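Let's take a walk through this model together. Have a look at it first, and then we'll go through a few spots.

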Amino acid sequence: MLGFAAIAIGPENQVENPNWLTTLLTEVGRGYVSLLTVLVIPLVVTAVISSVARLREVANAARLAVQTLLWFALTALASVVVGIVAGLVTKPWLTAGVSADTAAEPGKVGEWTAFLTGLIPSNIFGLGVKVTQTDAGVTASPSFSILQILLISIALGVAALKVGPKADTFVAFAESALAVVQKVLWWIIRLAPIGTAALIGKAIVTYGWSSLASLGTFVLALYASLLVVWLVVYPLVLKLNGLSVRQFYRNVWPVISLGFVTRSSMGVMPVTQQVTERNLGVPRGYASFAVPLGATTKMDGCAAIFPALAAIFIAQFYGIELNVTHYLLIAFVAVIGSAATAGTTGATVMLTLTLSTLGLPLAGVGLLLAVEPIVDMGRTALNVTGQALVPAIVAKREGILDKAAYDAKPSFTGVAV
């Protein structure tokens, strides 16, 4: 309603000439996402250190890690198959009306070595600073690599485990800090209805539907693929593992809706972990490992469906015929590529990695930028769903899932959309 109100107050070009309500929605939504993002580092560090240090309480830790990676790969493979099929079905209409004027080389290209370079931290905090010099002066933008932070935290937790009783004070501090971080997180989550309303309103005003004229078939094909994974693939996985489909979606709805409007898997990671533990009944010791790892490497929307469909779109536009080998390569990149580019993974990075592997023109990336925000909303919602799904499945298969918590009325409802 707020989005439509903003349009009604000033319908003329809300992107370049925003009115006061549009500006308000933008700032409130951005502020809420920032509040969530600022807790990512302390949550990961304290949760992972305390959990790894208490690994004696979690049986078969190595087996859990292997199972997690296996299910990441299996669900990614199923998702990329859906994306390829959607591309083949819609191929005759996929590029109708698309102009070559928007073709442009991407500013960043995915690389297979990104995993190794992104894994090694340059400092103990896993932080980096990008310095930009302009006429107005020098600005510094800090950033962090969740993969590096995860590695550092695991190392500190293992060290505490090996040190033994001497590290009890350190572990107790980590557990105490985790409790404080979770309390602050809960306060922020209480603001979710306000933040979510602002984000939805901003999305309606900013993105609208005018850019869908020439790329409508692509957008519809992508959302149809996302729905197939949501309504067929994931429910099938849940059923095969003896879990209620309806209850799962009731439990994870807070993070699905928040992921849709924020378009940031990393930004909502604290909420994903809270939902996975409290609503799905996944033990904290395992969830604190699986969820941060999933936020970095588990992206069925951005790293599987989108690159597959987009690669077929670009090949069709440039008149390049794809064969079985190309489709196998697409599947390979979807399953392995998201891990290879962990720490830098995004839809555009994954798409460039896919195109490079197939030998397709990278300039084709620019053809899809007009609808990037619109498709990113659905992609992110699917990403966070998968990031919660896999820990629940693995916990159920390993006999550590709190089934009573899973079947109960969700204790954490976080977001009201």
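How are α13 and α15 oriented to each other? They are oblique to each other, a word for angles that are not under 35 degrees (roughly parallel), over 145 (roughly antiparallel) or 65 to 115 (roughly perpendicular). Helix α13 covers residues 301-317 and helix α15 residues 347-358, and they pack at about 50 degrees with their axes 9 Å apart. Axes here are lines fitted to C-alpha atoms, for helices over the stretch in contact, and angles run from 0 to 180 degrees between N-to-C directions. Helices are DSSP runs (H or I, at least four residues), numbered from the N terminus.

Which residues of α13 and α15 meet? From α13 come Cys302, Ala303, Phe306, Pro307, Ala310, Ala311 and Ile314, and from α15 come Ala347, Met350, Leu351, Thr354, Leu355 and Leu358.

A quick note on the ground rules: this is a predicted model, where local features need pLDDT of at least 70 and side-chain atom pairs count only at pLDDT 80 or more, while totals for chains, interfaces and linings use all residues. Residues are numbered from 1 along each chain as its sequence is written, and side-chain values use heavy atoms, leaving out hydrogens and water.

Now find Ala221, which sits in helix α9 (residues 216-240). Ala221 is buried, with a relative accessible area of 5%; buried means under 20%, exposed over 50% and partly exposed in between (1.4 Å probe, protein chains only). Leaving aside neighbours within four places in sequence, Ala221 is in contact (heavy atoms within 4.5 Å) with Ala86, Thr90 and Leu309. Ala221 and Leu309 are 88 residues apart in sequence, yet 8.1 Å apart in space, C-alpha to C-alpha.

Last stop, helix α11 (residues 269-278): nine of its ten residues are buried, so α11 is largely enclosed by the rest of the structure.

Key:
Helices (H or I, at least four residues) and strands (E, at least two) are DSSP runs, numbered from the N terminus.
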